[in-house]
Amino acid sequence: MGTRALEGKIALVTGGSRGIGRAIAQRLGRDGATVAVAYARDEAAANEVVARIGADGGRAIALHAELGRHGDAAALWAAFDAHADEYAPGGVVDIIVNNAGIGRSPDLASLTEDGFDEVFAVNVRAPFFVVQQGLRRLRDGGRIINISSGAARLAMPEIIAYGATKGALDTFTLNLAKQLGPRGITANSVAPGIIDTDNNASWLRGNPEAEAGAAALAALGRVGRPEDVADIVAFLASDDARWVTGRVIDATGGSGL
Ligand code: NAD
């Protein structure tokens, strides 16, 4: 076997305990990166991801940090630093994946200020400060990958605040690319369409009509899988993607074509 694409790299994946984040953590681990799997509440699930990466021949560690309104990025980096000697010599990170996010977000009429603050705290505030406080640890030539959503560019009034958080995230990505380019650091967003994760389970799974409707939105005619997104992230994290920055990479299977 040749050298794996991310051999020797250190990656941090927020919301790595389940869904898309889990698939990203596992894929980066298979590509040779040592993966810090950040989780908020589901320790058992995070440990399972760590064990799976180990079983695949990789290295990983679970880091506990709440990132919403009641959390702060400093706690995440403190957890990272606390274990750095074991897996990230010098406390250096090569790849930051801001994946943690929440989709709960009603239409304008039923939106509360509290609900607005919550979705912006997890989806926007957290990535801003994870990056701000991670910058001194991020190696020149490193990667920032933000998990956005196709909802940033589609009118979906039923989840109006959620869509706005992802629009904000994409603009953040654009600015990071410009600011960090001189250090050889790339910053890109990946924008999934509907992906079969626990987040969508309540309305999607076991509901053939809903699944058919969701599948029909994609030109490729099926609902997305977490691995469909993780494989794109792995590319962006690799040296092959060194000349791509400041972009939103579509991961919707061709929705809205
Ligand atoms: P999920 O609900 O299955 O997982 C979300 C992850 O974020 C979990 O690990 C959770 O612990 C973490 N998280 C949530 N709130 C947190 C908090 N306050 N502090 C720290 N961590 C927190 O979701 P998913 O479907 O895997 O989505 C992952 C990302 O992809 C999100 O940013 C989401 O907006 C985006 N996305 C998902 C879809 C989809 O259809 N599933 C589509 C487009 C974009």
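How much of the chain over residues 9–197 is helix and how much is strand?

**View 1. The annotated stretch, residues 9–197, in a predicted model.** Over these residues the chain is 43% helix and 21% strand, and the end C-alpha atoms are 27 Å apart; helices (H or I, at least four residues) and strands (E, at least two) are DSSP runs, numbered from the N terminus. The unreviewed UniProt entry annotates residues 9–197 as "domain: Ketoreductase", an annotation that may be inferred rather than shown by experiment. Residues are numbered from 1 along each chain as its sequence is written. Because the model is predicted, local features need pLDDT of at least 70 and side-chain atom pairs count only at pLDDT 80 or more, whereas totals for chains, interfaces and linings use all residues.

View 2. Ala46, Val49, Val50 and Ile53 are buried (20 or more other C-beta atoms, placed from the backbone, within 10 Å of the residue's own). They cover an arc of only 100 degrees around the axis, taken from the directions from the helix axis to the C-beta atoms, which puts them on the same side of H2. On the other side, Ala44, Ala51, Gly54 and Ala55 are exposed (12 or fewer such atoms). The buried residues of H2 pack against helix H1 (19–30), strand S2 (34–39) and strand S3 (59–64), with contact meaning C-beta atoms within 7 Å.

**View 3. Surroundings of Ala11.** Not counting residues up to four places away in sequence, Ala11 touches Leu28, Ala33, Val35, Ala36, Asp94, Ile95, Val97 and Ala237.

Methods:
Contact = placed C-beta atoms within 7 Å.
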